[in-house]
Amino acid sequence: MEPVVAKGTEGPRLRIALAIAYAGLGRKDDAIHQGTLAVDERPIRVDAVAAPPIMESLVRVYTMLGEKEKALDVLERITVVPFGPSPSHLKLDPCWDKLHSDPRFQQLTQ
């Protein structure tokens, strides 16, 4: 994915996929860098439909890397927009298991 992302022609979806891959490999700085670039490339003020899933993927990256506060900061921003994750989705998706005990997360799932 790196050569394709480096070309800059594929958009933020491939970049956020690379961020998730980097997070899985433990490449924290690379994962966060690519994830934030993806979000910056498709801001919610420009694309209210495509941006929330990209931002949700950044939350996944932060969660994988143990950055709970950063994950919750982004999650709080996208749960209030129409195409953001619903409380039911947050409760049921196992990728959020590391966040379930946090009071901020529990507030979002009510």
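**Entry 1: V74.** I looked up V74 and found it in helix α5, residues 68-78. Helices here are DSSP runs of H or I, at least four residues long, numbered from the N terminus. The model is predicted: local features need pLDDT of at least 70, side-chain atom pairs count only at pLDDT 80 or more, and totals for chains, interfaces and linings use all residues. Residues are numbered from 1 along each chain as its sequence is written, and side-chain values use heavy atoms, leaving out hydrogens and water.

Is V74 buried or exposed? V74 counts as buried because its relative accessibility is 8%; the cut-off for buried is under 20% relative accessible area, with a 1.4 Å probe and protein chains only. I then listed what V74 touches, not counting residues up to four places away in sequence: M55, L58, V59 and Y62. Contact means heavy atoms within 4.5 Å. I also checked V74 against V4: they are 70 residues apart in sequence and 27 Å apart in space, C-alpha to C-alpha.

**Entry 2: α3 and α4.** Next I took helix α3 (residues 28-41) and helix α4 (residues 51-64). Their axes come within 9 Å and cross at roughly 165 degrees. The axes are lines fitted to C-alpha atoms over the stretch in contact, and angles run from 0 to 180 degrees between N-to-C directions. The two helices are therefore roughly antiparallel, a label for angles over 145 degrees. Which residues of α3 meet α4? They are A31, I32, G35, T36, A38 and V39, and they meet I54, M55, L58, V61 and Y62 in α4.

**Entry 3: Q34.** Q34 is in helix α3. I noted that Q34 is buried, with a relative accessible area of 12%. Leaving aside neighbours within four places in sequence, Q34 contacts V5, R15, L18, A19 and Y22.

Notes:
Parallel < 35°, antiparallel > 145°, perpendicular 65-115°, else oblique. Buried < 20%, exposed > 50% of the residue type's maximum accessible area, 1.4 Å probe, protein only.
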